[in-house]
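The sequence and structure come next.

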Protein chains: 2
Amino acid sequence: MAALSVQMCTPSVRGVSLKSSIYGSKLNNAVKIQGAAVTRKSRIVRMGLTENGPTVAVVGVTGAVGQEFLAVLNQRNFPYSNLKLLASKRSAGKHITFEGREYEVEELTKDSFRGIDIALFSAGGSISKEYGPSAAESGSIVVDNSSAFRMDEGVPLIVPEVNADAMAHIKLGNKKGAIIANPNCSTIICLVAATPLHRHSKVKRMVVSTYQAASGAGAAAMAELEQQTREVLSGQEPTCNIFSRQYAFNLFSHNSCVSENGYNEEEMKLVKETRKIWNDPNVLVTATCVRVPVMRAHAESINFQFEKEIDEETAREILSKAEGVVVVDDRAGNNFPTPLEVSNKDDVAVGRIRRDISQSGNFGLDIFICGDQIRKGAALNAVQIAEKLF
Amino acid sequence: MAALSVQMCTPSVRGVSLKSSIYGSKLNNAVKIQGAAVTRKSRIVRMGLTENGPTVAVVGVTGAVGQEFLAVLNQRNFPYSNLKLLASKRSAGKHITFEGREYEVEELTKDSFRGIDIALFSAGGSISKEYGPSAAESGSIVVDNSSAFRMDEGVPLIVPEVNADAMAHIKLGNKKGAIIANPNCSTIICLVAATPLHRHSKVKRMVVSTYQAASGAGAAAMAELEQQTREVLSGQEPTCNIFSRQYAFNLFSHNSCVSENGYNEEEMKLVKETRKIWNDPNVLVTATCVRVPVMRAHAESINFQFEKEIDEETAREILSKAEGVVVVDDRAGNNFPTPLEVSNKDDVAVGRIRRDISQSGNFGLDIFICGDQIRKGAALNAVQIAEKLF
């Protein structure tokens, strides 16, 4: 039985500098979490563990997103009266320390959800398909990070800043279970930035090109990128277990399957999920999704065609006031969003905001955005959904 | 006086494996060049050094592109009766072995071009501005890799596969000097792929997002990316001399200046050079240019709107027959162009060829392309221009 402490799932980490330079933040999460918990306990009444809180289960707690669920629950002081940590048989029995208490990871079974109010799932689509519906039947509200139910009718697909109204009928306390889906990381990050502009000028068409981090393929992919880079720099052949090709000092079309229309699954998620979240079957989206050798934050280059004109200044003003957005758009200093700088941050950074000179009038804009894939692209968005249940 | 052998300008190279994994090719150029020269000499009459050939000067010979000029001249058996290697005072006196002969690098002066038929320039815009016109006045045909003269009226801007006709009036032998400009790397790579489609269906609008390698900022930038990556992996702060920020495991908006319209210079080159090369002031282009931690080949995601319909199959067929293009478009195997695989190659690789589902009918296409920045993006294109002078 290994004892895990709550920390980011960073492979082969040898020190804070390494983590900060590869993974982004000066303060790594392990330090932040432990520190915050101790400090808060001694000064203020914690909201976290409270008699009135819901019972919460985290499914897939030992994965990259599972670990981030715990970090986010702690940082946001999410109220809970009881916490259940679930994982596969392989991980069952491990011990995890969270907010000063030690928890034993339990094996996920169909009985795991009796008495659970909120179940945060991030253990892959097949696990969600197998256990999500029975969890909902036993009265749990499932917030699912997989793609299993996203396009199902009756399952709200939510970015809280964008369409929280679509889950307004689902509330805690009536013991009626439900499933709410967390969108794909690229969609969440795109729509946090695009929606404020869409509300003003209605997006007619979007052309998206992505620059996606290793983390989207899981903790093992992050470890492989680090390992490959070490190997390549020391003149060895790179190890290719997760990806079929060299990733270090290279980039490649997203590794998801290519459908018959030539788009890969990641690209089609951007197309279909945008339509569902905006409740607009007519919005036109094309996307090209690419993996770049970056650890945990995605970037996206987005070109808009709007129905109604919007000038550059108005766009910048709207974005600077938008929830979940930080504008980084310093033309003189050539300072714009980067994946490293948004890593471990909540907000989606937006920059390169400019009138598209290939369109007449003010009907077009180009922007460049970055967002943390594990955080806003997954765990944070799911916890924000759970917060809307109160 | 240091003796240089003709080889790629690769920083801190410790072995063939390292070079192949970071820079692309299994056979590094040094091995190829020396080998080829020796083999050819013993078997066939070399065209390279020949009494009837033009006199050739290489300006900026010690730089990354300058070194590649020599590699390409050798590989293409470019005929010359005399070779002059020019560089700054700092590099003058160095010895370079090329095709079995040793040359001393001479200091560039205004007198350097007397008797020179072809001068290949790659020493930056200010050197081109200072020495290019006097070279042309003394009867040399200057092929200039900088941005100094690209938009000048009367200076042809040439991608040989695209618009060789625009330089048809400039020929060797009449001792009339001229300047011909080599386009920017991103433009060359883009137009090699886009022009065959443009010829069939006329491009109305292009949305380009780039994934640009370190090499575009020179050999020192490549060295810095390698150094930073080593530092970051060993927990040290990354050295930032060439770029103002961490490049290892990160990406950022292209480092060129941002103009008043919000586009950076690199993006405006794509916009303006495309119009000049296609001789079409109405073609609409927007671009977002981004540096990614890759060594020497660029990638570009391109979305097209055409005037005339073109289906996916026709596009693939046209591209597979196009000069300078190789189609890598294996949907089932998820095998598409990557920068590493095109490194040290002549052709631009094109893949992800698909109908744009955000446009009606067959008026739109998405493609993803990769091309070697130092080679087709600079040295090879310039030598191909010189070949058209015969």
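The sections below cover the basis of the values, the chain and the strand.

## Basis

This is a predicted model, in which local features need pLDDT of at least 70, side-chain atom pairs count only at pLDDT 80 or more, and totals for chains, interfaces and linings use all residues. Residues are numbered from 1 along each chain as its sequence is written, chains are lettered from A and ligands numbered from 1 in the order in which they are written, and side-chain values use heavy atoms, with hydrogens and water left out.

## Chain A

Chain A has eleven helices and 17 strands; helices (H or I, at least four residues) and strands (E, at least two) are DSSP runs numbered from the N terminus. Of the 390 residues in chain A, 62% are buried (under 20% relative accessible area, 1.4 Å probe, protein chains only).

The accessible surface of chain A is about 14100 Å², with 49% belonging to carbon and sulfur atoms (Shrake-Rupley method, 1.4 Å probe). Among contacts in chain A with a separation of 6 or more, 70% are between residues 24 or more positions apart (contact: heavy atoms within 4.5 Å).

## Strand 3 and its partners

In strand 3 (residues 82–87) of chain A, five of the six residues are buried. Strand 3 of chain A pairs in the parallel sense with strand 2 (residues 55–59) of chain A over five bridges (pairing requires at least two DSSP bridges). Val56(A) has Leu83(A) in strand 3 of chain A as its bridge partner. From strand 2 of chain A, the chain passes through helix 3 (residues 64–75) of chain A to strand 3 of chain A in a right-handed β-α-β crossover (clockwise from the first strand over the helix to the second, with the strands pointing away from the viewer).

Strand 3 of chain A also runs parallel to strand 6 (residues 106–107) of chain A, joined by two bridges. Here Leu86(A) has Glu106(A) in strand 6 of chain A as its bridge partner.

Technical notes: Buried means under 20% relative accessible area, exposed over 50%, partly exposed in between (1.4 Å probe, protein chains only).
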